[in-house]
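Please look at the sequence and the structure first.

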Amino acid sequence: MADYKTLSEVSELTGLSPREIRYYVEEKMIMPSAMIQKGKRTYAQYSNSDVVKIQQIALYKELGYSNEQIKEILSDPEFDYQSALDKQILELRNKKRHMENQIIAAEMMRTIYLEEKINNLDISDFDNSIDSFSSDLLSPELEEYTEEGLIQFGENLFEQMDKTSISKTLFEFENIYDELLNIVNKDPRSDEVQQKFLEIKDICDPYFNCSKSDSEPLSLNWFILYFRWITALGVDRLFDVFLRKENTAGFIDEMLDEYRLREEAKKHG
């Protein structure tokens with residue numbers, strides 16, 4: 001006799017709620033291997049392969065695939081799995097950039113409010129023609145504006161670095177890392193941490209101040225904004241800043257793909 005599992009057993013095994021599993025069935029992403037009748041009610045019975053497929057569906061849902069895409073992946077043995085993953089990774093990166101841009105814009109709005117008590121900003125204040133700044137995702141126009149600001153920040157940062165020796169700059173960044181390593185597990189509001197941050201700020205000041213066109217030093221709130229911007233960015237966006245080029249992740253992807261192809265060609269050559 002086949003080893004079937006009930007809905008509650010599958011839920012316990014997979015960590016998914018019964019409601020989620022029923023949804024997969026209703027959307028025809030998975031069909032139970034058997035159904036049993038008890039009185040007037042019919043109950044689904046799931047095989048071990050059903051459980052594996054349910055876990056696969058949960059993974060693809062987490063990755064953002066649509067129901068139709070998931071059905072195609074699971075039902076078509078000739079499905080182009082690599083192309084689908086390449087496309088999904090690109091879409092996820094774009095969503096991630098949207099979210100980072102939202103944080104960057106919101107941080108800027110908070111800084112402007114703290115500095116000038118302005119609380120009626122709209123999308124036009126970001127040099128765009130968009131009427132509203134209330135949409136869940138930022139518009140491409142605002143993204144471009146934000147990207148330009150970050151790239152310019154990188155340009156200015158490296159202009160300052162060019163004025164000092166590279167070894168001195170690396171030594172200063174190493175000091176920042178060491179200071180953060182020493183305090184990251186302590187109370188951020190303690191005197192010890194605040195004193196360490198003053199030392200970090202002294203190291204950062206020349207680099208952050210170089211982003212201003214005039215000689216006036218950054219205000220407290222704008223310094224904090226720059227620091228928060230850096231902590232809000234993913235590694236790929238930091239590459240954009242430090243290499244002074246947009247979408248360096250795409251460049252690195254193509255570079256690595258080409259490297260893989262050449263290495264595979266050597267093996268078969």
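Predicted model: local features only at pLDDT ≥ 70, side-chain atom pairs only at ≥ 80, totals over all residues.

Residues are numbered from 1 along each chain as its sequence is written, and side-chain values use heavy atoms, with hydrogens and water left out.

**The whole protein**

- The secondary structure consists of eleven helices and two strands; helices (H or I, at least four residues) and strands (E, at least two) are DSSP runs, numbered from the N terminus.
- Starting at the N terminus, the order of the elements is α-α-β-β-α-α-α-α-α-α-α-α-α.
- The protein has 269 residues, and 32% of them count as buried; buried means under 20% relative accessible area, exposed over 50%, and partly exposed in between, with a 1.4 Å probe and protein chains only.
- Of the contacts between residues at least 6 apart in sequence, 55% join residues at least 24 apart, where a contact means heavy atoms within 4.5 Å.
- The accessible surface is about 18000 Å², and 53% of that belongs to carbon and sulfur atoms; accessible areas come from the Shrake-Rupley method with a 1.4 Å probe, and for residues only the protein chains shown count as cover.

**Helix α1 and its surroundings**

- Helix α1 spans residues 7–14, and its buried residues are L7, V10, S11 and T14.
- Seen down the axis of α1, these buried residues fall within an arc of 100°, so they line one face of the helix; the arc is that of the directions from the helix axis to the C-beta atoms.
- As background, an α-helix has 3.6 residues a turn, so residues three or four places apart point the same way.
- The exposed residues E12 and L13 sit on the face of α1 turned away from its buried side.
- The packing partners of the buried residues of α1 are α2 (18–26), β2 (41–45) and α3 (48–62).
- T14 lies in helix α1, and a polar atom of its side chain is 2.8 Å from the backbone oxygen of V10.
- The side chain of T14 also reaches the backbone nitrogen of L16, at 3.2 Å. A polar contact of this kind is a pair of N or O atoms within 3.5 Å; within protein, one must be able to donate a hydrogen and the other to accept it, and residues adjacent in sequence count only if both atoms are side-chain atoms.
- Leaving aside residues up to four places away in sequence, T14 touches I21, V51, I54 and Q55.
- After α1 comes G15, with a positive phi near 80°.

**Salt bridges**

- The structure holds 13 salt bridges, each being a side-chain nitrogen of Lys or Arg within 4 Å of a carboxyl oxygen of Asp or Glu.
- One of them joins R93 and D253, with 2.3 Å between the closest N and O atoms.
- That pair links distant parts of the chain: R93 is in helix α5 (residues 81–116) and D253 in helix α11 (residues 248–268), 160 residues apart.
- R93 counts as partly exposed, at 28% relative accessibility, and D253 is partly exposed with a relative accessible area of 28%.
- Another salt bridge joins D236 and R97, whose closest N and O atoms are 3.9 Å apart.
- D236 lies in helix α10 and R97 in helix α5, so this pair ties together parts that are 139 residues apart in sequence.
- D236 counts as buried at 14% relative accessibility, and R97 counts as buried at 11%.
- K96, R97 and D236 are linked in a network of salt bridges.
- E258 and R262 meet in a salt bridge of 2.8 Å, N to O; both lie in helix α11, four residues apart, about one turn of the helix.
- E258 counts as partly exposed at 37% relative accessibility, whereas R262 is exposed, with a relative accessible area of 55%.

- V235, F239 and L243 form a nonpolar patch on the surface, with about 290 Å² of accessible area together. Patches are made of residues with over 30% relative accessible area and no salt bridge: like charges are joined within 9 Å, and nonpolar side chains (Val, Leu, Ile, Met, Phe, Trp, Tyr) within 5 Å.
- F239 belongs to helix α10, residues 235–243, and is partly exposed at a relative accessible area of 37%.
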